[in-house]
Amino acid sequence: MHDDSSQAMSSADPSLYAVSLGSPVHLNGATYHTLHLRPPTVGDQLDAVKPGMSNAEAELALITRLTGVPLEVIRQLLLTDYRRLQEILLGFFSRTPGTSAGT
């Protein structure tokens, strides 16, 4: 089940985007129902993306870093849940700056 509120900014921390998973992920005794994605920094981009990585590997590394969960959690996501994380991530890179009054 997908609802639009699953991509809303977290009320606890307005810089985090919450994604409710359609299917929880179980890893090492922990269950993940929701992942929180924070906006990337330049440092995140530099540290997560290594030379020789494919675009898919770089994206996976960045999403793992921004959610703060183990890579294996991201690897176990349903593709529909991963796509919602991708949409948020891509939104960070496609936002256009606001225009000032003089522009």
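Is aspartate 44 buried or exposed? Select aspartate 44 and you'll find a buried residue, with a relative accessible area of 3%. Buried here means under 20% relative accessible area, exposed means over 50%, and partly exposed is in between, using a 1.4 Å probe and protein chains only.

**Before going further**

You're looking at a predicted model, in which local features need pLDDT of at least 70 and side-chain atom pairs count only at pLDDT 80 or more, while totals for chains, interfaces and linings use all residues. Residues are numbered from 1 along each chain as its sequence is written, and side-chain values use heavy atoms, with hydrogens and water left out.

Now colour by pLDDT, the predictor's confidence in each residue, from 0 to 100. The chain has a mean of 85, and 78% of its residues reach 70 or more. Over residues 1-6 the pLDDT is below 50, and beyond near neighbours in sequence this stretch has six contacts in the model (contact means heavy atoms within 4.5 Å). Where pLDDT is low, the predicted coordinates should not be read in detail.

**Stop 1: the salt bridges**

Side chains of opposite charge can pair when their charged atoms come close. The cut-off for a salt bridge is a side-chain nitrogen of Lys or Arg within 4 Å of a carboxyl oxygen of Asp or Glu, and the count by this rule comes to five.

Arginine 38 is partly exposed at 27% relative accessibility.

Next, pick aspartate 47 and arginine 65, another salt bridge, where the closest N and O atoms are 3.1 Å apart. This pair links distant parts of the chain, with aspartate 47 in helix α1 (residues 42-48) and arginine 65 in helix α2 (residues 55-67), 18 residues apart. Helices are DSSP runs (H or I, at least four residues), as are strands (E, at least two), and they are numbered from the N terminus. Both partners count as partly exposed: aspartate 47 is at 42% and arginine 65 at 35%.

Show these residues together: Arg38, Asp44, Asp47 and Arg65 are linked in a network of salt bridges.

**Stop 2: helix α3**

Move on to glutamate 72, which lies in helix α3 (residues 71-76). Its side chain meets that of arginine 75 in a salt bridge at 3.9 Å, N to O. Glutamate 72 is partly exposed at 37% relative accessibility, whereas arginine 75 is exposed at 57%.

**Stop 3: helix α4**

Which helix holds glutamine 86? Look in α4, residues 79-94. Glutamine 86 is buried, with a relative accessible area of 12%. Its side chain makes a polar contact with the side chain of glutamate 59 at 2.6 Å. A polar contact is a pair of N or O atoms within 3.5 Å; within protein, one must be able to donate a hydrogen and the other to accept it, and residues adjacent in sequence count only if both atoms are side-chain atoms. Leaving aside neighbours within four places in sequence, glutamine 86 is in contact with Glu59 and Ile63.

**Last stop: a loop**

Finish at asparagine 28, in the loop between β1 (17-27) and β2 (30-37). Check the backbone: asparagine 28 has a positive phi of about 50 degrees although it is not a glycine. Asparagine 28 is exposed, with a relative accessible area of 77%.
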